[in-house]
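Here is a friendly walk through one protein model, with its sheets, helix packing and a few backbone details. Please keep the structure open beside the text as you read.

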Amino acid sequence: MTGKSPFEALSVETLAARLGANEALCSRIGKDTARWKVREVGDGNLNLVFIVEGATGAAVVKQALPYVRLVGDSWPLPLKRSFFEYHALTRQEARAPGSVPAIYYFDEGQALIIMEYLSPHIILRRALIEGRQLPGIARDIGLFMARTLFRGSDLSMATKDRKADLALFADNVELCDITENLVFSDPYFDAKLNRHTSPQLDRIVAELRADRDLKVEAQRLKHIFAANAETLLHGDLHSGSIMVTDSETRMIDPEFAFYGPIAFDVGMLLANFWMAFFSQRGHEQSGKRDAMRAYLLDVTVETWSVFRSEFSHLWRTERTGMLYQKSLFEDQGDRLGAEQALDHMLQQVWTDMLGFAGVEVHRRILGLAHNADFETIADADLRATCEAKALKFGRHIAVNRRQIHSIDEVNTLATLIEQENRI
Ligand code: SR1
Ligand code: MG
């Protein structure tokens, strides 16, 4: 199979015949295709994902489809998202070495990436639903965010390179459009593909959709997302885009990569920890999850703290871009000026992060793409109770983001809401 053949979706049955001559794959897993075992394991919303095992190893083959898998061919989606994923992965590997799967091969025409098979890693979301406490995730993810978000921005890159990258990723229009609609708008009106736990949440959903302050805030956040091309984002950094073991963390699936605000990845990620927190009550069949709830809040504290301190470290040691040049501050003996500018920047990231987290919580409960954290709670009344609390929390942090000053304050609010008896 070469990049010149017309696009054709792979299947378990055709994969060995079509990729049997692929050098990159054969050198990893062995060229005896008779011994290849192929499984399709994609459970995401968009793509095909195969695990191919051969005599000498295993690899992942990921292929984009010309439509949204979750919805079907009534929603076409360009194959070029695979190109953006490939280019985002190469940049993330350069900026945060060891944080993403290794790439073995990319075929633009077939929208196909062959990459490292991560084993025994599992999806972080699944681990959190099972109640597993992973010791290293806050540190690993905090470092990943600080390094990729700082090093992909005008704080670090040569301006010519950043502008070239900005132009390259600006063409990821359709995936941005998904975020712009699914995250910032659809949850706040009766959009066609929305769904929620009904009738239990009907009243709360109606209240949120009539909430003028919330709707205005969501649109302000959308404006920031669309207009503030600050850095190369992962673009979809939730707990389903992270693979873990007890000692390793890897970020996957950056097909939504785009130049946007630093706070977006951070907010989306923290929102997923807070949703895991609110969903724990629904997973207590085999025992109380008090320790897991405490762990999840600790993870938010540590993630934010690691992000902040690594970002500050890079600011002090790697600020080579055209923004806040050292020639204006340190080189003039004004280290305080550089620290002042850093504080301004981190303050803005903090405030916007809370807003992005709030709307991310809402869209996972009210929109098209829900989270397994809540979806796997079979009892609809119990699920709705968890979701209602998360919705209330999301509304509070989005609307009051300028008045909330620390992650401990946020977690105190989360705990108060989680312990309420009435919703
Ligand atoms: C139609 S795509 C729905 C969602 O799946 C992806 O993982 C993104 O989060 C997107 O918003
Ligand atoms: Mg994905």
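Asp107 has Leu112 of E7 as its bridge partner. Strands E6 and E7 (residues 112-116) are antiparallel and share four bridges, where two strands count as paired if DSSP finds at least two bridges between them. Helices (H or I, at least four residues) and strands (E, at least two) are DSSP runs, numbered from the N terminus. Four residues separate E6 from E7 in this hairpin, and Ala111 in the turn has a positive phi of about 50°.

A word on the basis of all this: the model is predicted, so local features need pLDDT of at least 70 and side-chain atom pairs count only at pLDDT 80 or more, while totals for chains, interfaces and linings use all residues. Residues are numbered from 1 along each chain as its sequence is written, chains are lettered from A and ligands numbered from 1 in the order in which they are written, and side-chain values use heavy atoms, with hydrogens and water left out.

Another open sheet has three strands, ordered E8-E10-E11, with antiparallel pairing. Here the edges are strand E8 (122-123) and strand E11 (249-251), each with a single partner strand, so one side of each is left without a neighbour in the sheet. E8 is joined to strand E10 (residues 242-244) by two bridges in the antiparallel sense, and Ile123 has Met243 of E10 as its bridge partner. Across E10 and E11 lies helix H5 (residues 137-151), running at about 35° to E11. Such angles run from 0 to 180 degrees between N-to-C directions, and axes are lines fitted to C-alpha atoms, for helices over the stretch in contact.

Two packed helices are described by the angle between their axes and the distance between the axes.

| Helix pair | Axis distance | Crossing angle |
|---|---|---|
| H10 and H11 | within 8 Å | roughly 165° |
| H11 and H15 | within 10 Å | roughly 160° |

H10 and H11 are therefore roughly antiparallel to each other, as angles over 145 degrees count as roughly antiparallel, under 35 as roughly parallel, 65 to 115 as roughly perpendicular and the rest as oblique. Their crossing is right-handed. Ala, Val, Leu, Ile, Met, Phe, Trp, Tyr, Cys and Pro count as nonpolar, Asp, Glu, Lys and Arg as charged, and the others, Gly among them, as polar.

The axes of H11 (residues 290-317) and H15 (residues 407-419) cross at roughly 160°, which makes H11 roughly antiparallel to H15. Arg293, Leu297, Thr300, Val301 and Trp304 of H11 meet Ile407, Asp408, Asn411, Thr415 and Glu418 of H15. This contact of H11 with H15 has four nonpolar, three polar and three charged residues.

**Buried and partly exposed residues**

Is Glu255 buried or exposed? Glu255 is buried, at a relative accessible area of 4%; buried means under 20%, exposed over 50% and partly exposed in between (1.4 Å probe, protein chains only). Glu255 sits in the loop between E11 and strand E12 (258-260). Leaving aside residues up to four places away in sequence, its contacts include Lys62, Arg81, Glu85 and Leu175. Leu175 is one of the buried residues of helix H7 (residues 173-182), and the cover over these includes E12, helix H3 (81-95) and helix H12 (335-366).

Asp253 is in the loop between E11 and E12 too. Asp253 has a positive phi of about 65° although it is not a glycine, and is partly exposed at 22% relative accessibility.

**Cis peptide bonds**

Ser119 and Pro120 are joined by a cis peptide bond with omega of about 15°, and Pro120 lies in the loop between E7 and E8. A cis peptide bond also joins Ser198 and Pro199, with omega of about 10°.

Definitions and conventions. Contact means heavy atoms within 4.5 Å. A crossing is left-handed if the near helix is turned anticlockwise from the far one by less than a right angle, and right-handed if clockwise.
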